[in-house]
Amino acid sequence: MFHITPRGDSCTRTRGRRPPWQRERRLVVRFLVLAALVGGLMTSGVLGSQRGAGLWVSVAQGQSLWSIASRHYPQTDPRQAVYDIKTANHLQTDYIYPGERLLLPAE
């Protein structure tokens, strides 16, 4: 971008500087791209660490968290196993439904 600036009797072409808002806009765009990349890497790291970390089961009619915990973790206190299943599946309550898939964490 060139500006014509009068200097005395003659006119010369000089290269103009970018306004400060253009430089700041580039910084903001670079920061947003970097933040998106870092967020994507962190998300893939978290989700990737959950794969293969246990067994997936489908809830059958009449099953409860207690019955699933007792069946799949016979050596563990069922209360601890129920807590682990709820934590692994981000469950807020003890209610589960037929057909729902649950991740049973590895012991």
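Guide: Welcome! A residue is buried under 20% relative accessible area, exposed over 50%, and partly exposed in between (1.4 Å probe, protein chains only). This is a predicted model, with residues numbered from 1 along each chain as its sequence is written. Local features need pLDDT of at least 70 and side-chain atom pairs 80 or more, totals use all residues, and side-chain values use heavy atoms, without hydrogens and water.

Visitor: Is His90 buried or exposed?
Guide: His90 is found in the loop between helix H3 (78-88) and strand E4 (101-105). Its phi is near 55 degrees, a positive value in a residue other than glycine. Because the relative accessibility of His90 is 60%, this residue counts as exposed.

Visitor: In what order do the elements of the protein chain run from the N terminus on?
Guide: Helices (H or I, at least four residues) and strands (E, at least two) are DSSP runs, numbered from the N terminus. The protein chain has 3 helices and 4 strands. Starting at the N terminus, the order is β-β-α-β-α-α-β.

Visitor: Where in the protein chain is confidence highest?
Guide: Confidence here is pLDDT, which the predictor gives to each residue from 0 to 100. The protein chain averages 82, and 77% of its residues score at least 70. Strand E2 has the lowest mean, 56. Where pLDDT is low, the coordinates should not be read in detail. At the other end of the scale, with a mean of 95, stands helix H2 (residues 65-72).

Visitor: What share of the residues of the protein chain count as buried?
Guide: The protein chain has 107 residues in total. The share of them that count as buried is 15%.

Visitor: Is Arg17 buried or exposed?
Guide: Arg17 lies in the loop between strand E2 (10-15) and helix H1 (20-50). The relative accessibility of Arg17 is 76%, so this residue counts as exposed.

Visitor: And Val28, is that residue exposed or only partly exposed?
Guide: Val28 is found in helix H1. Because its relative accessible area is 49%, Val28 is partly exposed.

Visitor: What distance separates the C-alpha atoms of Glu100 and Ala60?
Guide: Glu100 lies in the loop between H3 and E4. At 22% relative accessibility, Glu100 counts as partly exposed. Glu100 and Ala60 are 40 residues apart along the chain, and their C-alpha atoms are separated by 8.3 Å.
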